[in-house]
Amino acid sequence: MIAFRDVQKYYGDYHALRGISAEIRAGEFFSLLGPSGCGKTTLLRTIAGFEDISSGAVLIDGKDMANVPANKRPTNMVFQSYAIFPHLTVAQNVGFGLRRDPRSKAEKDKLVEESLEMVGLTGYGARAAHALSGGQRQRVALARALILKPKVLLLDEPLSALDRKIREQMQVELIKLQREVGITFVLVTHDQEEALVMSDRIAVMFEGEIAQLADPETLYRRPNSRRVADFIGVMNFLPAKVTGESGDTITAEVAGLGTLDVATSQVSMAPAGDNAAVGFRPETLTILYEGQQATDREAPGTIDEVVYYGDMTYYDVRLDGMEKPVRISMRNVFGRPVLDVGTRTRVSWSPGALVLFR
Ligand SMILES: Nc1ncnc2c1ncn2[C@@H]1O[C@H](COP(=O)(O)OP(=O)(O)OP(=O)(O)O)[C@@H](O)[C@H]1O
Ligand SMILES: [Mg+2]
């Protein structure tokens with residue numbers, strides 16, 4: 001649906017997009033994820049035609065957009081701040097893009113009603129737009145974008161101004177809406193959880209480049225660099241020494257864990273420089289309670305820190321022979337006590353769950 005071909009963008013001397021090449025499929029929920037200033041909004045605006053590019057090409061539906069102005073592109077954009085007109089009614093806001101449309105008033109009213117229904121605002125048409133909550137305003141902005149039936153909907157942090165509960169609710173509604181209408185969504189966010197929850201695929205960006213483009217599970221389980229791993233959730237990095245390599249297996253030495261074999265498929269592509277490391281997600285390590293057996297390997301250690309979250313507890317455990325503690329997340333289960341700082345414990349782990357950065 002959308003193709004970037006070596007897109008470069010300079011603002012004066014500042015190199016904002018540094019050779020972006022990627023494709024976004026039709027009907028996909030695609031996210032651009034990265035820290036503030038990495039170029040997400042700039043890249044999104046090149047799709048909409050609000051931003052010229054310095055070189056390269058942006059194609060939509062196979063057509064080069066170089067000389068196509070924003071208002072002639074099959075895209076529509078929803079912004080972070082609710083850019084709706086407070087002095088108009090909800091229905092007038094939603095129908096705004098149709099004001100020069102030749103269809104009859106009755107037909108337009110019907111389209112407005114359908115759009116409002118899509119975003120869960122049936123019956124709100126006559127309401128003044130200023131008399132809406134933040135979440136409702138953002139729904140109006142969505143309805144207004146959708147009524148024009150764009151092939152691509154561009155969303156620049158549309159939920160970031162909402163509080164957590166409403167945001168999570170809107171995330172689920174947006175996913176449902178996207179499935180219903182079937183159009184391509186491109187979402188900009190700096191919230192990794194939001195990207196993981198909502199996307200079919202995610203492009204992780206740093207400093208004007210795409211560091212990794214993959215589906216959420218691949219990004220989480222097989223990040224291709226320490227930087228991506230660090231940005232997407234929490235990962236424990238333990239210094240490792242590669243001691244052997246044969247066929248599809250690499251042998252490494254990790255203080256506190258001993259010798260372990262990993263498959264080459266578990267090796268991150270980007271070189272980590274001189275210092276190899278293994279990475280574990282907190283939920284791939286398990287604290288063993290009395291009488292429990294490790295499913296694979298086990299290591300003894302002492303609990304350093306306990307952070308209780310209600311449904312989960314995060315433990316920092318210093319494994320014997322390790323310099324720094326590792327973070328372990330445990331789901332709290334009725335009847336199982338939360339452990340205290342200083343408790344001696346055993347930790348179950350599996351070489352199959354780690355990523356080797358080398
Ligand atoms: N009109 C402009 N003139 C000069 N520099 C700009 C302009 N617009 C953006 N930049 C710079 O380009 C870089 C990328 O900006 P962009 O808005 O794309 O970042 P972003 O990833 O969307 O960040 P955020 O998460 O904070 O919105 C930033 O360093 C920014 O300062
Ligand atoms: Mg931005």
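R201 counts as buried, at 13% relative accessibility, where buried means under 20% relative accessible area, exposed over 50% and partly exposed in between (1.4 Å probe, protein chains only). This is a predicted model, in which local features need pLDDT of at least 70, side-chain atom pairs count only at pLDDT 80 or more, and totals for chains, interfaces and linings use all residues. Residues are numbered from 1 along each chain as its sequence is written, chains are lettered from A and ligands numbered from 1 in the order in which they are written, and side-chain values use heavy atoms, with hydrogens and water left out.

R201 forms a salt bridge with E28, and the closest N and O atoms of the pair are 2.5 Å apart; a salt bridge here is a side-chain nitrogen of Lys or Arg within 4 Å of a carboxyl oxygen of Asp or Glu. E28 sits in the loop between β2 (14-24) and β3 (29-33), whereas R201 belongs to strand β9 (residues 201-206), so the pair ties together parts that are 173 residues apart in sequence. Helices (H or I, at least four residues) and strands (E, at least two) are DSSP runs, numbered from the N terminus. E28 is buried as well, with a relative accessibility of 4%.

In general, side chains of opposite charge can pair when their charged atoms come close. Across the whole structure, a search finds 17 salt bridges. One of them joins E114 to K110, at 3.4 Å from N to O. These residues are four apart in helix α3 (residues 105-118), a separation of about one helical turn. E114 is partly exposed at 35% relative accessibility, and K110 is exposed, with a relative accessible area of 54%. E217 and R221 form another salt bridge, their closest N and O atoms lying 3.0 Å apart. Both residues belong to helix α7 (residues 216-221), where they are four residues, or about one turn of the helix, apart. R221 is exposed, with 51% relative accessibility. Elsewhere, K9, R45 and E51 are joined into one network by salt bridges that share partners.

Most residues other than glycine have a negative phi, and most peptide bonds are trans. D6, a residue other than glycine, has a positive phi, near 45°. D6 is part of strand β1 (residues 2-11) and is partly exposed, at 42% relative accessibility. For D61, also not a glycine, phi is positive at about 55°. D61 is found in the loop between β4 (55-60) and β5 (63-64), and its relative accessible area of 47% makes it partly exposed.

Turning to helix packing, two packed helices are described by the angle between their axes and the distance between the axes. Helix α4 (residues 134-146) packs against helix α5 (residues 164-181) at an angle of about 15°, and their axes are 12 Å apart. Axes are lines fitted to C-alpha atoms, for helices over the stretch in contact, and angles run from 0 to 180 degrees between N-to-C directions. The angle makes α4 roughly parallel to α5, a description that applies to angles under 35 degrees, with those over 145 roughly antiparallel, 65 to 115 roughly perpendicular and the rest oblique. On the α4 side, the contact (heavy atoms within 4.5 Å) is made by G135, Q138, R139, L142 and L146, while α5 contributes residues including I166, M170 and L174.
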